[in-house]
Amino acid sequence: MNDTCLLCKAPTLSNIPTAVDVWVTSDSKPWPRTGNFCTCTTCGHVQKRLTSEWLKGIDRIYREYKMSPLSNGQGATPRTRRLLNNFQNETTLPTEGRLLDIGCGNGAFLRSFATLFPDWTLQGCDQKESRKDIIESLLGVENFHCGPFEDIDKQFDMISMVYVIEHLFDPMQAMLAVRAMLSPEGLFFIHTSDLTENPFDLPVVDHCSHFTLEGLEAAVTKARFEVLASSSTWCPKEIGVIARVSKNLKDENIPVDISKGKYIAKAHLTWLAAIRSQGLALADESPLGVFGTSNAGVWLTASMRELVSFFVDDDEKKQGKSYLDLPVYGLDAIPEKTSVLLAFPTTIAQTIAKCSSRKRPDIHFHIPKHTGE
Ligand SMILES: [Zn+2]
C-alpha cells in the first residue's frame, strides 16, 4: 500500500470509504474500481492511491487510449476558444513569443491559440507519436515533441497545461520543471477539472489528482509562481490559473483549509451513490435513458449495469451511433414512454432538463437529487 501524497510527499494518505464501485477512464470507457479515493492529512489534497494494481491499469489505459470515441476529435473546440477568450481578458501577452502546450492531444488548444496570437511560435508535446503530423501541420507550430516535456531544450514565454496536471504522478515536480523552462517574465497557464463543482471527476480512474481552485492556487504558489488570475467560471466544471514565474526563491505556503477537499470529496461520493440508486429506482418504472456519453454518462450507465436502455446526446456527431452496445439518440429520437436521467451536476442538469422538456414535453428528464450533504 502506497501512503505517499502525490503533492506534498508526506506518508499521510487516508482512504475515503465509499459505495462507489465502478470507475471510468478519461477516454470514457467503464473500468472496474481498482483502488481507493484518499485525502492527505498533511496538505488536504484529494487523490487516488498509486498502488501497483492501479498503476498496472493506468499503463493499459494509456496504451489503448482513444480521444473522444464518438467524435472525430478534429478542429478547435468551442471549449478551448472560450477558455482562450477568457485568458485574453485576464492578461496581456506580447504580440510575439514562444508557446509550449504540454499534453497537446489533437491540437485543439494550439489551433485556438494560433487564431488569437498568429505571430507566436508554437510547440506541442504529447505521449503519442501518431499525432506528430497533425500537430506539425497546424498554423504557427514549429515542432511536435513526443515524450517527457522536460527533455525539450528550449526556453518558452508561455507554457500551457490543459487537462494534464490531474494525470501526473508528481505534479509538484512537473510544475517546478515548467518554471525552469520559462523565460524570466514567462507565463504558466494551467487548467483542470473542478473538484468543487464536478462530482463525476472523482471516478475517473486516470485522474489521480482532484483539485479545488484554492488547492490549485496553493500548489502553483508552492512551485514558486505568482498567481495573476484564477477562476472557476472560465469553463463550467473547470478551474484555471494564470501565473508568472515568481522572483521569490523562498518556499512559500499559502494558507488553505486542508479539510475542505476531504468534505467535498466525501459529499460527492455520497451524491454519486445516490444518483445510482435514483437511476435503479427509475429503471424499475419504465425504460431509462442516460443523458450524456462522456465520462459522467458512461460512469452512471456502467454503475447501473444492464438497466440503462439508451443514451441521449445533443451532439449531432454522436447521434445515430451506438456506444457500450446502446443506441445514442438525439432529443427527437427518444422513444415514447421512456424517461431520461441527466448525468450532470445538479445545477447544469436543471438547465438541460428545462431546454429538453421544451422539445420533448412527453419525456420526463430527471435531475439528480440533492442528498442534503
Ligand atoms: Zn499531501
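Select tryptophan 23 to start: this residue is buried, at 0% relative accessible area (buried means under 20% with a 1.4 Å probe, protein chains only). This is a predicted model, where local features need pLDDT of at least 70 and side-chain atom pairs count only at pLDDT 80 or more, while totals for chains, interfaces and linings use all residues. Residues are numbered from 1 along each chain as its sequence is written, and side-chain values use heavy atoms, leaving out hydrogens and water.

Tryptophan 23 is in strand E2 and phenylalanine 37 in strand E4, so the pair ties together parts 14 residues apart in sequence (strands are DSSP E runs of at least two residues, helices H or I runs of at least four, numbered from the N terminus).

Now show lysine 48. Its charged end sits over the ring of tryptophan 23, 5.4 Å from the centre (NZ of Lys or CZ of Arg within 6 Å of the ring centre and within 35 degrees of the ring normal).

Next, the sheet. Seven strands run in the order E8-E7-E6-E9-E10-E13-E12, open and with mixed pairing (pairing takes at least two DSSP bridges). Strands E8 (141-146) and E12 (225-231) are the edges. Six bridges join E12 to E13 (238-245), antiparallel. Pick serine 230: its bridge partner in E13 is valine 241.

Last, select Phe87, Phe109, Phe113, Phe117, Trp120, Phe189 and Trp234: ring pairs link them into a cluster.

Methods: Buried < 20%, exposed > 50% of the residue type's maximum accessible area, 1.4 Å probe, protein only. Phe/Tyr/Trp six-rings, centres within 6.5 Å; stacked < 30°, edge-to-face > 60°.
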